[in-house]
Amino acid sequence: MYAEALNTYQVIVKNKMFSNGGRLKVNMANIYLKQRNYSKAIKFYRMALDQIPSVHKEMRIKIMQNIGVAFIKTGQYTDGISSFEHIMSTSPNLKAGFNLILCYFAIGDREQMKKAFQKLITVPLEIDYDDKYISPNDDPHTNLLIEAIKNDQLRQMERERKGMAEKYIMTAAKLIAPAIETSFAIGYDWCVEVVKASHYVELANDLEINKAITYLRQKDFYQVLYFKKNIFMNIVLVEASEGMSTMWLGNEFAQATNYADLAVISDRYNPSALTNKGNTVFANGDYEKAAEFYKEALRNDSSCTEALYNIGLTYKKLNRIDEALDCFLKLQAILRNSAQVLYQIASLYEIMEDPNQAIEWLMQLISVVPTDSHALSKLGELYDNEGDKSQAFQYYYESYRYFPSNIEVIEWLGAYYIDTQFCEKAIQYFERAALIQPTQVKWQLMVASCYRRSGNYQKALDTYKEIHRKFPENVECLRFLVRLCTDMGLKEVQEYVTKLKRVEKLKEIREQRVKSGRDGSARSRREGSGSGDSGGSAKGERLSAKLRALPGTNEPYESSSNKEIDASYVDPLGPQTERPKTAARKRMDEDEFADEELGEDLLPE
């Protein structure tokens, strides 16, 4: 009830007999600050500052700090700097020091950022250091006293204050490092040197790690390797090795293996090091050996969920489905409602040809991540295989709504509408597919076919003409142009007939050349001794490969490639099987285009 509070305060402060009006004006300013009325908040803070005597030093410092924060909120960084500089010169504290750095960062003053950072790390914490809690001798009374105060409320407060100081310093260093020098690396080096010269020397290693992580985010892996000279020592050695091994160093698995080995040597009982070593072996395809490393990690730490997850993936790769399922069910008991685990269990039941269980687990998955387009499309696929078209359509449509660029889903929805005789609705899906894969003639032909089936012959003709302009050697397009022009009695029919004959002739010549090249290669291999024969064979194979590379009329212009899915811990999806064609898709492929097949079915991502 801010309005009522302000009215009450106004009545009180107007009374000249009340001597503590300054404190109430602080409360009024706080209300204005909460209401985001920053100009009035600053006005009342300044009035309070004028009325509070200088003997109340701590109160005045807090008011100055609030004034500085209000100036930051309004973007008046120069005025904020004045407030925080005054605080740092009279009674320095961590919050004021950090806010001063923020103000200088906002106005881009490099030199002042450096000076403010140096002021921040010299703020006295006024706490006892750990030496106080170490017994200097074996006196039992002293030991009892130290044991009593080792974790009392004062000690806990000291820990909190030190943790807060470290957080402010680390955040400030990460903020200003890219801004104080020409590159973030030089900026980090300056921050590290300043920290090393302070009593926060243990933070220097953390800053070095942050610098390495920044390089990793920029995918500058060779710069990361440089850090092995600086930060690979004691426990930092293990942490950095684990981090580098986890990032896989791009595709340099040999280097990743070396660092994983280094981590294991440093600490053989570290479950993270063993898990990362198992990951490098997994990536090289040695699944049995990878399983041994994951088992060893679990023996050292039975709660290492990464190792349990990865051993499940390994058993899945080895086709030991029951053991893989057992691992993921155990993991489900530990990590309730983990999307990755739920997906893997559903995938295993699908492999075991138990679609009802697979559907049940996928339903649990979408209750956890209702917007996961892949899980929704997988549910649609399972219902489709079971013959439940309406449920399949519901989940495929939801998947499309959340991710409208999945070609598999778009193709199914288009085929569904064709199967249900709603060709007009199928057009939007094939048009989107054509936008995603503009060099695939198949989608544009399907758009034209839908126009033709729905009776819009003029639009179909215009679409076929546009396809012919982009793909002048496509036989199917020319055949339909000839058919449409004939049915509509257009004069262009003769032009398209001539082009069709020419393209078919070229296609026939191509096929003959390819066949002769293959025959020549086979004959050379049969005769096969001597360099001359092998040279002829190679020449024939090169010619054959060159001809095969040309886009034929019975293939998509650009063939899709099946993308391998990485099986490391960070990618839970695992391998997927190709979806069989539905009746609708078969009809779509076999309808008017039965004389010339359009190309292979798209492979799943």
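Reader: Which helix gives the most to the lining of the largest pocket?

Author: That is α4, with seven residues. Please keep in mind that the model is predicted. The helix α4 spans 57–73, and α6 (94–107) and α9 (153–180) also supply at least two residues each.

Reader: What is the volume of this largest pocket, and which residues are the closest to its centre?

Author: The volume is about 720 Å³. There are 21 lining residues, and the closest to the centre are Q65, P92, N93, L94 and K95. By residue class, the lining divides into 10 nonpolar, five polar and six charged.

Reader: How many aromatic pairs does a search of the whole structure find?

Author: It finds 16. Another one is formed by Y32 and F44, which is tilted, at 5.3 Å centre to centre and 35° between the planes. Y32 belongs to helix α2 (residues 21–34) and F44 to helix α3 (residues 38–51), so this pair ties together parts that are 12 residues apart in sequence. Y32 and F44 are both buried. There is also an aromatic cluster made of F393, Y396, Y397, Y400, W412, Y416, Y417 and Y429.

Reader: What makes Q444 count as buried?

Author: Buried means under 20% relative accessible area. Q444 has 9%, so Q444 is buried. This residue is found in helix α26 (residues 441–453). Leaving aside neighbours within four places in sequence, Q444 is in contact with A434, P438, T463, I467, K470 and F471.

Reader: And N319, how do you know whether this residue is buried or exposed?

Author: The cut-off for exposed is over 50%. N319 has a relative accessibility of 59%, so N319 counts as exposed. N319 sits in the loop between α18 (305–317) and α19 (321–334). Its phi is positive, about 65°, although N319 is not a glycine.

Reader: What can you say about Q421 and its phi?

Author: Q421 is not a glycine, yet has a positive phi of about 65°. Q421 lies in the loop between α24 (407–419) and α25 (423–436). With 63% relative accessibility against a cut-off of over 50%, Q421 counts as exposed.

Reader: Stepping back, how many helices and strands are in the chain?

Author: There are 31 helices and zero strands. Of the 605 residues, 43% count as buried. Among contacts between residues at least 6 apart in sequence, 53% join residues at least 24 apart.

Reader: Where does the pLDDT stay under 50?

Author: One such stretch is residues 229–238, for which the model has 22 contacts beyond four places in sequence. Over residues 529–605 the pLDDT is below 50 too, and that stretch has 145 contacts beyond near neighbours in sequence. For the chain, the average pLDDT is 78, and 79% of the residues score at least 70.

Terms used:
Residues numbered from 1 in each chain as written. Predicted model: local features only at pLDDT ≥ 70, side-chain atom pairs only at ≥ 80, totals over all residues. Heavy atoms only, no water. pLDDT = per-residue confidence, 0-100. Contact = heavy atoms within 4.5 Å. 1 Å grid on protein atoms, 1.4 Å probe; cavity = no way out; pocket = protein on both sides within 12 Å on 5 of 7 lines; lining within 4 Å. Points joined across faces, edges and corners; volume = space filled by probe spheres on them. Helix = DSSP H or I, 4+ residues; strand = E, 2+ residues; numbered from the N terminus. Nonpolar A, V, L, I, M, F, W, Y, C, P; charged D, E, K, R; others polar. Phe/Tyr/Trp six-rings, centres within 6.5 Å; stacked < 30°, edge-to-face > 60°. Buried < 20%, exposed > 50% of the residue type's maximum accessible area, 1.4 Å probe, protein only.
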